[in-house]
Amino acid sequence: MLGWAVTFLIIALIAALLGFGGIAGASAGIAQILFVIFLVLFVVAMIARAVRGRPPV
């Protein structure tokens, strides 16, 4: 999921450089949403792992 967020961020940056404001804004919004979802899932996974008693890798 983090890979998709980075991909949309790169698309947004390239679109902004080429002057496509609408595409750049949409891609940046999608990248932001995916990054937040990734962070939430990451935190949930770390909490679940800590509750089960496994040491972090």
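1. Trp4 is exposed, with a relative accessible area of 58%, where exposed means over 50% relative accessible area, buried under 20% and partly exposed in between (1.4 Å probe, protein chains only). Phe8, at 21% relative accessibility, counts as partly exposed.

2. A word on the basis of these values: this is a predicted model, in which local features need pLDDT of at least 70 and side-chain atom pairs count only at pLDDT 80 or more, while totals for chains, interfaces and linings use all residues. Residues are numbered from 1 along each chain as its sequence is written, and side-chain values use heavy atoms, with hydrogens and water left out.

3. The structure holds three aromatic pairs, a pair being rings of Phe, Tyr and Trp (its six-membered ring) whose centres lie within 6.5 Å, with planes under 30 degrees apart counted as stacked, over 60 as edge-to-face and the rest as tilted. The rings of Trp4 and Phe8 have planes at 35 degrees and centres 6.3 Å apart, so this pair is tilted. Trp4 and Phe8 are four residues apart in helix 1 (residues 2-18), and therefore about one helical turn separates them; helices are DSSP runs (H or I, at least four residues), numbered from the N terminus.

4. Phe38 and Phe42 form a stacked aromatic pair, with 6.1 Å from centre to centre and 25 degrees between the planes. Both residues lie in helix 2 (residues 21-52), four residues apart, which is about one turn of the helix. Phe38 is partly exposed at a relative accessible area of 25%, and Phe42 is partly exposed at 44%.

5. Ring pairs also link Phe35, Phe38 and Phe42 into a cluster.

Conventions: Helices (H or I, at least four residues) and strands (E, at least two) are DSSP runs, numbered from the N terminus.
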